[in-house]
Amino acid sequence: MIVPHASAPALEGLREASERWVRRERARPRLTSGVAALDTLLGGGWPQGKVGELAGPDSSGRSGVAIATVAAATVRGEVVAWLDAADALDPASVAAVGVDLRRVLWVRPRGVEEAARAAELVLEVGGFTVVVLDFGSGVSSAQGRGGRGRGALRLRLARAVERAGAVALVLAERPWVGTLAGVTVVLGRGGVRWGEGADGEPRWLAGITLEAHVERGGIERGARVPRVHAGPGDQPHRAAAAG
Amino acid sequence: MRTASLWVPDFPLQALRRSTPELAEAPLAVAAGPLPRDLIVCVAAEAAELGVRAGMTAAQARQVAPATLVRVTPEAAAAAADEALADVAGGFSPRVRRHTPGEVLLDAGGLVPRFGSEQAIAHELLRACRRVGLEARVGIAAGVGVARTAARSGELVVVRAGEEQAFMAPLPLVLLKPPPDLAAMLARWGLATAGELARLPRREVALRLGPGGVALHRLACGEETVAFVPDPRREVLREGVELDFPLGVLEPFLFLTSGILSRLEQRLELRGEGFSEVLLELHLEGGGHRECRLKLVAPTREVPAVLALARLQLEASPPGTPVEGVAALVTPGRVRLAQGSLFGPAMPAPGKLSTALARLAALVGPDRVGAPAVPDTHRPGAWGVLPFAPAPSQGASPPAASPEPQAFTSPVLRAFRPPRQAQVVAVGGRPVVARVDGTGGMVVGWAGPYRFVGDWWGDESCAREDFDVATEDGSLLRVYFDRLERRWFADGIYD
């Protein structure tokens, strides 16, 4: 193929634009995920104004990472929204992690479309620094993933997040936002850590070990979290319920 | 005391046109009742041009000008217009008195520093009246009687302090609204103006006309005649409309309702409040009655959000019979205002947040929006929802209060609602196999049991043994053995 001579300046311009974009993205403010090792991989945390994805099966620590982000935000005095399309949020265990529940707007939409619309409404208000869309594990079906309108939903969500300058986290079994996501973190089932009694017997569930790698965004594509402990807890959070 | 009188001339006519905007240009005559012999009480300018006059019977009006529309003002429309007038006054002063239908008095003392002058107060009152669909007149004076008379003498009349008698003197006695027998007596005496009456000795007037005559004489002299006693503040606003033809389709009904809600929204704005709860009363064909209660998650003045809620509720349970009339009763709520912290994180604007909450409630249902809450109980899995009203942050939290970024304090449960039945094999009280909906398998790690017995004093007694189990496929489940049902369930999965 013969490259016309006139295209060389165009290519140079393209390269400069690309470098400017990379510089801008690196300078983008970040919000801590609440997990230090993950923050390191993400270059400081979740990029503000971008959609972040946490994809993985149940028991992979996906919700735990999102809750850690929410806990850090509420401790700073910020307000967050949890759009719970899976209707799975357990206030007691969330409060036990340290989330200030009064600063969490909990919306329970019935499906992905309602959740995306609710996210737009919340982001339009402004002032919500973190908006979590929890699709749970039910989005594997075409209908659950947003059906034919999925592309439009993703685009509208990404634009709303960009306008609001917030962080949106999408929790799903598999990546849902795709190329419009600023960061995609894929988690696997990394294992479990038990709290032990004096006799060495397991007494309580203390934490989940994360096995995560960054598929999109972050400082290095494909970087892996070397089995970060999503725990341990000092006390079994259900001790009060016993007896 | 400086008193302002807001008076709406031809009140029945204006109330009718306000509730039925399509009659705005029509040659309208308002009758006292529905019968042909009932008298016409108000005539629109369009009907007056055709020769219709107040005092005719309805039959005569139709005979004189067949194009005239003779209507009776529904009580609901008159009441709503009267309340709207009171709301206008309430937007200026907390001391308001509804004197007669279409006339409201308010304490104008102390308002000058806010508006600059009493003329400006009167202008603002007239403007506020126009916003709620009423063309009023304003009179401001010292005392109720003079203020009322001033409102009837011109569109905007301010009587300066000390000039009451001079103002009253040239006015015709009919403006003082004397009782008919008294008016006849004064006419026989040859008195035509207030000044002529004021020149008579009060003692002689009292001897001949009694207490009514003295009150009229005092008014003619520009003196205080009636004490101003403000009404208690009303807590529910009402607007309604009766239809000529019943409506059986939702869309036109919502269009009609949007007009009613818009009028209420204007009144709420005057009060600085928003819709907190709306009760739609539907008058059905055949005399039936139906109520539709709309609870807003947070007070808002956003009519589309309230309409969306009404649409959801009526679509879910339609009345089944055409609607002949509708009234909306609004419980006002203070729209949340909060001063954000200069040094704290940005917070959602209260007004925008209220509207968004109302829209979210319309989208997903009002019981599915709020702040999560943990009820005061030891029962596992208990949860609740509270209204979402975050307090403004007072500033950045000290770093010491931040959670350790390295770790969570506890695993997070994804709850199953309701709990799902689990297949669990237990040996010696320990689960060895646990499966829920195809997830799980051999148990490779477990903790428990966490025993709970409670609520035995009520209908929902509970006795269970909870286990956290890790299965061979990597799932982390919370399962429990229900000792009352003798079965295993799963509460959720850790994630």
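Reader: Which handedness does the crossing of H12(B) and H13(B) have?
Author: In this predicted model, the crossing of H12(B) and H13(B) is right-handed.

Reader: And at what angle do those two helices pack, and how far apart are their axes?
Author: Helix H12, which covers residues 250–271 of chain B, packs against helix H13, residues 303–316 of chain B, at an angle of about 145°, and their axes are 10 Å apart.

Reader: Which residues meet there, on the H12(B) side and on the H13(B) side?
Author: From H12(B) come B:Leu250, B:Leu254, B:Thr257, B:Ser258, B:Leu261, B:Ser262 and B:Glu265, and they meet B:Val303, B:Val306, B:Leu307, B:Ala310, B:Arg311, B:Leu314 and B:Glu315 in H13(B). Sorted by class, the contact of H12(B) with H13(B) has 8 nonpolar, 3 polar and 3 charged residues.

Reader: Changing topic to the open sheet in chain B, what is the order of its 3 strands?
Author: The order is E3-E2-E4, and the pairing in this open sheet of chain B is mixed. Strand E3 (40–43) and strand E4 (69–71) of chain B are the edge strands, since each of them pairs on one side only. From one strand to the next, the twist averages 30°.

Reader: Do E2 and E4 of chain B pair in the parallel or the antiparallel sense?
Author: Strand E2, residues 28–31 of chain B, pairs with E4(B) in the parallel sense, over 3 bridges. As one example from that pairing, B:Val30 has B:Arg71 in E4(B) as its bridge partner.

Reader: Which helix packs on the sheet, then?
Author: That is helix H1 of chain B, residues 11–19, which touches E2, E3 and E4 of chain B, and the direction of H1(B) makes about 115° with that of E2(B).

Reader: How many of the residues of H1(B) are buried?
Author: The count is 9 of the 9 residues, so H1(B) is largely enclosed by the rest of the structure. Among these buried residues are B:Phe11, B:Leu13, B:Leu16 and also B:Arg17 and B:Arg18.

Reader: What covers the buried residues of H1(B)?
Author: The cover includes the strands E2, E3 and E4, together with helix H4 (75–90) and strand E9 (237–247), which belong to chain B as well.

Reader: Now the two chains together: how many residues of chain A are in contact with chain B?
Author: There are 75 residues of chain A in contact with 59 residues of chain B. On the side of chain A that touches chain B, helix H3 (residues 62–75) of chain A gives the largest share, with 8 residues. That side of chain A divides into 38 nonpolar, 19 polar and 18 charged residues.

Reader: Which strands of chain A and chain B pair with each other?
Author: One such pair is strand E5 of chain A, residues 104–107, with strand E13 of chain B, residues 369–373, and they run in the antiparallel sense over 2 bridges. Within this pair, A:Val107 stands opposite B:Val369 in E13(B).

Note on methods: Residues are numbered from 1 along each chain as its sequence is written. Chains are lettered from A and ligands numbered from 1 in the order in which they are written. This is a predicted model: local features need pLDDT of at least 70, side-chain atom pairs count only at pLDDT 80 or more; totals for chains, interfaces and linings use all residues. Two strands pair if DSSP finds at least two bridges between them. Helices (H or I, at least four residues) and strands (E, at least two) are DSSP runs, numbered from the N terminus. Axes are lines fitted to C-alpha atoms, for helices over the stretch in contact, and angles run from 0 to 180 degrees between N-to-C directions. Two residues are in contact if their C-beta atoms, placed from the backbone, lie within 7 Å. A residue is buried if 20 or more other C-beta atoms lie within 10 Å of its own, exposed if 12 or fewer, and partly exposed in between; C-beta atoms are placed from the backbone. Ala, Val, Leu, Ile, Met, Phe, Trp, Tyr, Cys and Pro count as nonpolar, Asp, Glu, Lys and Arg as charged, and the others, Gly among them, as polar. A crossing is left-handed if the near helix is turned anticlockwise from the far one by less than a right angle, and right-handed if clockwise.
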